[in-house]
Amino acid sequence: METKLSKLLKLMKQGEWAKALSLAAKFPQLGDHKDAIVRGHEACVRPDFYRQINRDPDILVKIGIAALTDRYIAKGHKNA
């Protein structure tokens with residue numbers, strides 16, 4: 001059985017960042033990374049909204065990706 005975490009790690013490995021952010025944004029425990037991951041996902045889905053409030057959606061997505069990488073890869077996650 002494929003867990004949500006293994007699916008997330010697979011998406012990250014494949015470079016499917018929008019899908020990875022979408023999946024991870026639903027995780028209940030993201031710690032200090034939660035805001036960046038959720039905002040990165042929302043910037044993927046609603047880039048025009050973030051432009052309207054003078055936030056660059058591309059930068060928000062990159063920050064979200066960095067948070068995912070830090071949380072699940074850089075920390076040496078056992079399933080990565």
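Predicted model: local features only at pLDDT ≥ 70, side-chain atom pairs only at ≥ 80, totals over all residues.

Visitor: Let's start inside. Which residues have the most contacts inside the largest nonpolar core?

Guide: The general idea comes first: in soluble globular proteins, nonpolar side chains tend to be buried together. In this case the largest nonpolar core has 20 residues, and Leu8, Met12, Ile37, Leu68 and Tyr72 have the most contacts inside it.

Visitor: And which elements give two or more residues to this core?

Guide: Those are helix H1 (4-13), helix H2 (17-24), helix H3 (34-45) and helix H5 (57-74). H5 gives the most, with six residues.

Visitor: Pick one of those core residues for me. What does Ile37 touch, not counting residues up to four places away in sequence?

Guide: Ile37 touches Leu21, Ala24, Ala25, Leu30, Gly64, Ala67 and Leu68 on that count. Two of these partners, Leu21 and Ala24, turn up again where H2 meets H3.

Visitor: Now H2 and H5. Where do their axes stand, in angle and distance?

Guide: They cross at roughly 70°, and the axes come within 10 Å. That makes H2 roughly perpendicular to H5. Here too H2 passes its partner, H5, in a left-handed crossing.

Visitor: Which residues of H2 and H5 meet?

Guide: On the H2 side look for Trp17, Ala20, Leu21 and Ala24; on the H5 side, Val61, Gly64, Ile65, Leu68 and Thr69. By class, they divide into seven nonpolar, two polar and no charged residues.

Visitor: And at what angle do H1 and H5 pack?

Guide: At about 115°, with their axes 11 Å apart. The crossing of H1 and H5 is left-handed. Leu5, Leu8, Leu9 and Met12 in H1 meet Leu68, Thr69, Tyr72 and Ile73 in H5. The classes there come to seven nonpolar, one polar and no charged residues.

Visitor: Let's do single residues. Is Leu11 buried or exposed?

Guide: The cut-off for buried is under 20% relative accessible area. Leu11, which lies in helix H1, has 11% relative accessibility, so it counts as buried. Leaving aside neighbours within four places in sequence, Leu11 is in contact with Glu16, Lys19, Ala20 and Leu23.

Visitor: What about Ala36: buried or exposed?

Guide: Ala36, found in helix H3, is buried, with a relative accessible area of 18%. Not counting residues up to four places away in sequence, Ala36 touches Leu60, Ile63, Gly64 and Ala67.

Visitor: How far apart are Ala36 and Val61, in sequence and in space?

Guide: They're 25 residues apart in sequence and 8.4 Å apart in space, C-alpha to C-alpha. Leu11 and Ala36 are also 25 residues apart in sequence, but 18 Å apart in space, C-alpha to C-alpha.

Visitor: Now the loop between H2 and H3. Is His33 buried or exposed?

Guide: His33 is found in that loop, and at 14% relative accessibility it counts as buried. Its contacts, not counting residues up to four places away in sequence, are Ala67, Asp70 and Arg71. Asp32 has its place in the loop as well, yet at 80% relative accessibility Asp32 counts as exposed.

Visitor: Last one: what is phi of Asn54 near?

Guide: Most residues other than glycine have a negative phi. Asn54 has a positive value, near 60°. Asn54 is found in the loop between helix H4 (47-52) and H5, and is exposed, with a relative accessible area of 72%.

Technical notes: Residues numbered from 1 in each chain as written. Heavy atoms only, no water. Core = buried A, V, L, I, M, F, W, Y, C linked by side-chain atoms within 4.5 Å. Buried < 20%, exposed > 50% of the residue type's maximum accessible area, 1.4 Å probe, protein only. Helix = DSSP H or I, 4+ residues; strand = E, 2+ residues; numbered from the N terminus. Contact = heavy atoms within 4.5 Å. Axes fitted to C-alpha atoms, helices over the stretch in contact; angles between N-to-C directions. Left-handed = near helix turned anticlockwise from the far one by under 90°. Nonpolar A, V, L, I, M, F, W, Y, C, P; charged D, E, K, R; others polar. Parallel < 35°, antiparallel > 145°, perpendicular 65-115°, else oblique.
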